[in-house]
Amino acid sequence: MPRSPPFESWLRPDASGLHCLPGGFHVDPHAPVDRAIITHGHSDHARPGHGAVLATPDTIAIMKLRLGAGAAGSFQSLAYGETLQIGGVTVSLRPSGHILGAAQLVIDHQGQRAVISGDYKRQPDPTCDAFEVVPCDLFVTEATFALPVFRHEPPEGEVAKLLASLRIFPERTHLVGVYGLGKCQRLVALLRQAGYDRPVWLHGALRNMTDYYVRRGIDLGPVPSVTESKDSLAGEIVLCPPSSVADRWSQRFAEPLAGFASGWMRIRGRARQRGVELPLVISDHAGWPELLQTIRETGAGEIWVTHGREEALVHAVTQMGLKARALALVGREDDAE
Ligand SMILES: [Zn+2]
Ligand SMILES: [Zn+2]
């Protein structure tokens, strides 16, 4: 059998991001390009200014809501599982389990298959489709939480901590910092699964995305804006952007108790540094065991690692007997977590 050409002959990082040469597109480019395929709506992946954007219908809707209808010259949607021929490659999108609309990009080229996973997690999430394992030859993985210390326990236990705190401190408003796209809506859904049926109050910055999730049929129960109440909301849950937990805005509430829902809350120092009294370890990214499990399940012989702790994962993948490479793409942040 002839040896396959190296993946770098048709897929390679350049100044704008990961470039698929025979397809003539970039994946989640950080600089404006003619043609982009966008894995999901977080701002470090979905940037404005591209000529043409291909993405799932939800990702396109989210981009338009966040960046405006003119965020790209044109938009083309591709539903999960549909295939499309672009130049010399066939592409399809499969759920990545990260946030609503998030996709892994599958590229088939001359008998080789590459999967670019964007951001992903394996924990169940009532607000988006579950991650699908796609067998492939090259798997491009994120490494946001690629250190053995990052083991994300089931989120139900973290939600139980929040509800226990409400029982212990019924006189205090529980302010929980959440990122506005994904984490906010997932936390509300988890509270509902735990049987919490009181209103979950929202900071104005969380309104648009949450309304979009509700329009898409995700049942979040009552999610009023804090501006709808004159009350100090003692004993209530209020969700807000992480930066608002400690700013002047928080002073209108009753003895606010500061919480933060993030995979980073695994690191006690981070919680302390931010003045977080109630750290909730809830992550929309794969933790260390999930990363290794997923890499194994794809059956890929070669793994490229992007944005995060590349070195540790590259080392572990090499130990598994697979070929590994750190991509070191610029422009990625852990902030969307
Ligand atoms: Zn993301
Ligand atoms: Zn990311």
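Figure 1. The centres of domain 1 and domain 2, taken over C-alpha atoms, are separated by 29 Å. The structure shown is a predicted model. Domain 1 comprises residues 7-149 + 285-326, and domain 2 comprises residues 155-280. Where the domains meet, 16 residues of domain 1 are in contact with 14 residues of domain 2. On the side of domain 1 that touches domain 2, eight residues are nonpolar, six are polar and two are charged.

**Figure 2. The largest nonpolar core.** In soluble globular proteins, nonpolar side chains tend to be buried together. The largest nonpolar core of this model contains 93 residues. Ile37, Leu105, Leu187, Val238 and Leu239 have the most contacts inside this core. Helix H3, which covers residues 183-193, gives the most to the core, with six residues. Because domain 1 (7-149 + 285-326) and domain 2 (155-280) both give residues to this core, the core lies between them.

**Figure 3. The surroundings of Val238.** Val238 is among the residues with the most contacts inside the largest nonpolar core. When neighbours within four places in sequence are left aside, the residues in contact with Val238 are Thr173, His174, Leu175, Trp201, Val226, Leu233 and Phe253.

Figure 4. Strands of a sheet pair through backbone hydrogen bonds, either parallel or antiparallel. In this open sheet the five strands follow the order E13-E14-E12-E15-E16, and their pairing is parallel. Strand E13 (200-202) and strand E16 (278-280) are the edge strands, each of which pairs on one side only. From one strand to the next, the twist averages 25 degrees.

**Figure 5. The pairing of strands E15 and E16.** Strand E15, formed by residues 257-261, pairs with E16 in the parallel sense over three bridges. Within this pair, Ala261 has Leu280 in E16 as its bridge partner.

**Figure 6. The hairpin of strands E7 and E8.** Strand E7 (residues 83-86) and strand E8 (residues 89-95) run antiparallel and are joined by four bridges. Ile86 has Val89 in E8 as its bridge partner. The two strands form a hairpin with two residues between them. In the turn, Gly87 has a positive phi of about 55 degrees.

Key
Residues numbered from 1 in each chain as written. Chains lettered and ligands numbered in written order. Predicted model: local features only at pLDDT ≥ 70, side-chain atom pairs only at ≥ 80, totals over all residues. Pairing = 2+ DSSP bridges. Core = buried A, V, L, I, M, F, W, Y, C linked by C-beta atoms within 7 Å. Buried ≥ 20, exposed ≤ 12 C-beta atoms within 10 Å, placed from the backbone. Domains from an automatic or database assignment. Contact = placed C-beta atoms within 7 Å. Axes fitted to C-alpha atoms, helices over the stretch in contact; angles between N-to-C directions. Nonpolar A, V, L, I, M, F, W, Y, C, P; charged D, E, K, R; others polar.
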